[in-house]
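Hi everyone, thanks for coming.

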Amino acid sequence: MVEGALERAVNGHLATARGPEEYDRQGLHTMLLLQYLVQADAVLDAEATPDVDKVLAAVRLAGREAFGRKKEYLLDFARTIGVPDVYEQVLSQVMLAVLDEKWKDHLYDLDQLRHAIQYRAYGQRDPLVEYKREAFEMFEDLVRDIQGTFTERFLKIQVNAEAPRQAPPPRRPPPTPAPRADDGASDLMPGAAPSRPAPVPPPAPSLAAAPDVRVGGLPRRPAAQFSGEVGRNDPCPCGSGKKYKKCHGAGQ
């Protein structure tokens, strides 16, 4: 993939030259260095690379050397951090990221082509044949774009390792508030929680609001306590033996 990307870059840069004497060697050298970090010094020597085939061979060799240097850099980094497969991980991640990005762009372009291909019928051309032809050309462009993008990203990639993060310190419990002077807990041990006072039960309802009146040796309750409980002609609940209207109900 690296060699294919570099060959297309060289052919595109030298396409306008009509002969070796018109090669922009300095421009080609700068372009390869800036875009791919490939230092092909041989292209600057007209005697060592007199034609395009020699230029391509020199650039391919420089590309292999750049790829080898990047591999050694990743292997040295792996030995430094103690992870043996850094090179394989970086290679696969860069490749998968490029494939995912370019393939989504390719599907979008195919969808746009599918919506516009119907207009080819106005030019007396079969839309299906035109779609197959242009889709194949787009796929070839996709392959070339993948190769170029992968070569540029992989040869330029730099990796680093962060220091391991330390575990956060354990949280300290909140301090216990000191007892106040008026809460009755001044005699407790330091740090002990003050005890709560026992709840006081509510007072029982009192029936001593009325005077204790006895009739026949039995206590008589006031008439207000019998109101609405018995009829006027019923025996008085106080136990006197009289009807209610002549006992407690008298005068009502």
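Let's begin with K243, which lies in the segment after α6 (223-226). Helices here are DSSP runs of H or I with at least four residues, strands are runs of E with at least two, and both are numbered from the N terminus. Before I go on, please keep in mind that this is a predicted model: local features need pLDDT of at least 70, side-chain atom pairs count only at pLDDT 80 or more, and totals for chains, interfaces and linings use all residues. Residues are numbered from 1 along each chain as its sequence is written, and side-chain values use heavy atoms, with hydrogens and water left out.

Back to K243: is it buried or partly exposed? With a relative accessibility of 42%, K243 is partly exposed. Buried means under 20% relative accessible area, exposed means over 50%, and partly exposed is in between, using a 1.4 Å probe and protein chains only. Together with R232, K245 and K246, K243 forms a positive surface patch. Such a patch takes residues with over 30% relative accessible area and no salt bridge, joining like charges within 9 Å and nonpolar side chains (Val, Leu, Ile, Met, Phe, Trp, Tyr) within 5 Å. Lys and Arg count as positive and Asp and Glu as negative, while His and the chain ends are not counted. Each charge is placed at NZ of Lys, CZ of Arg, CG of Asp or CD of Glu.

Now for the inside. Nonpolar side chains tend to be buried together in soluble globular proteins. The largest nonpolar core in this model has 33 residues, and those with the most contacts inside it are L28, L32, V55, V59 and F154. Which helices supply at least two residues each? They are α1 (2-13), α2 (25-36), α3 (52-81), α4 (86-116) and α5 (127-156). The largest share, eight residues, comes from α3. By "nonpolar core" I mean a set of buried Ala, Val, Leu, Ile, Met, Phe, Trp, Tyr and Cys residues joined through side-chain atoms within 4.5 Å.

On to charged pairs. A salt bridge is a side-chain nitrogen of Lys or Arg within 4 Å of a carboxyl oxygen of Asp or Glu, and by this rule there are 17 of them. In one, R64 meets E3 at 2.6 Å, N to O. Because R64 sits in helix α3 and E3 in helix α1, this pair ties together parts that are 61 residues apart in sequence. R64 is partly exposed at 46%, and E3 is partly exposed at 28%.

Another bridge joins K156 and E152 at 3.6 Å, N to O. These two are four residues apart in helix α5, so about one helical turn separates them. K102 and E101 also pair, at 3.9 Å, N to O; here K102 is buried, at 11%, whereas E101 is partly exposed, at 29%. There is a network of salt bridges too, linking R120, R125, E130, R133, E134 and E137.

Finally, a look at the backbone. Most residues other than glycine have a negative phi, and most peptide bonds are trans. L37, in the loop between α2 and α3, has a positive phi of about 60° although it is not a glycine. Q124 also has a positive phi of about 60° without being a glycine, and Q124 lies in the loop between α4 and α5. L37 is partly exposed at 39%, while Q124 is exposed at 73%.

Definitions and conventions:
Areas by Shrake-Rupley, 256 points an atom, 1.4 Å probe, with all protein chains shown as cover.
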